[in-house]
Amino acid sequence: AIGHRCLAVNLSDLAAMGATPLWASLALSLPRARGAWLREFAAGFFALARAAGIVLIGGDTVRGPAGATVTVQGRLRRGTAITRSGARPGDGIWVTGHPGDAVAGRLLLARRGGSRVLRQRFLYPVPRLREGAALAGIASAMMDVSDGLHDDLGKLMRASACGADLDAGRLPLSRPLRAAVGIEAAREMALSGGDDYELLFTVPAAREAQLARLTGRWALPVTRIGTVRRRAGLRWTLDGEAFRFRDRTFRHFA
């Protein structure tokens, strides 16, 4: 799972710009070499690498505190990169998959039980490479959800100098998540849990029909959760009333 995750979370950054992955480097630091651990780490890493069509071109292996640092490179056609700064007032706000599943899976791991589906969502995140590439020319702005839907949406809106009106009732909460923690906790996990590596993107009204044709062929759910507005800030509502929640977002340098 560690081998898979350390590559997956980096591939997700390529997916968020609509890029195709090419190669990766890996710097692996270990206090001591353990053959069984290394074989499993490599199995997870290279299984995903093969699926993504990416190759390992080098890096480093050293003795030291346990850590794996992956750098990935990819390509896209000139002028097709999807950045965070392209959202405009009136654009719809969309998210793939089921935010909140991963953090619930992490908590279940600590308790050594619960839904296998949720545990797998944390251990083996799926970088949305095909979906990200397909959204080129449709999405006006995009990023992946790594630190929590609410916090990452704030980053997207600030980069685009906009704000957003959002409906907490539209959050695509999975059945396993709702069954595991209940609807209220599920909403909080979706908004501030993180580690989902889903795509968060905006789409102009003129491209919504094109988006519908595209996503109608996907097995992956895609949900509209709000609309970009001119005024800065995020405004969440639920059943027409202001919605507030406990923000437990992990912030790297808080």
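In the predicted model, the buried residues of helix α1 are G3, H4, R5, C6, L7, A8, N10, L11, S12, L14 and A15. The helix, which spans residues 2-15, is thus mostly covered, with 11 of its 14 residues buried. From its first C-alpha to its last, α1 reaches 20 Å, close to the 20 Å expected at 1.5 Å a residue.

One of the buried positions of α1 is a cysteine, C6. Because its relative accessibility is 10%, under the 20% cut-off, C6 counts as buried. C162 likewise counts as buried, because its relative accessibility is 6%. A disulfide is a covalent bond between the sulfur atoms of two cysteines. The structure holds 0 disulfides.

Burial also characterises strand β4, which comprises residues 92-96. Of the 5 residues in this strand, 5 are buried, and β4 is therefore largely enclosed by the rest of the structure. Both faces are covered: G92, W94 and T96 are buried on one side, while I93 and V95 are buried on the other.

Strand β4 is paired with two further strands, β7 and β8. With β7, formed by residues 199-203, the arrangement is antiparallel and 4 bridges join the two strands; within this pairing, G92 stands opposite V203. Strand β8, formed by residues 222-229, also runs antiparallel to β4 and is joined to it by 5 bridges. In β8, T223 is the bridge partner of V95. Both G92 and V95, which take part in these pairings, belong to the buried residues of β4.

Methods
Residues are numbered from 1 along each chain as its sequence is written. This is a predicted model: local features need pLDDT of at least 70, side-chain atom pairs count only at pLDDT 80 or more; totals for chains, interfaces and linings use all residues. Side-chain values use heavy atoms; hydrogens and water are left out. Buried means under 20% relative accessible area, exposed over 50%, partly exposed in between (1.4 Å probe, protein chains only). Two strands pair if DSSP finds at least two bridges between them. A disulfide is a pair of cysteine sulfur atoms within 2.5 Å. The expected span of a helix is 1.5 Å times one less than its number of residues.
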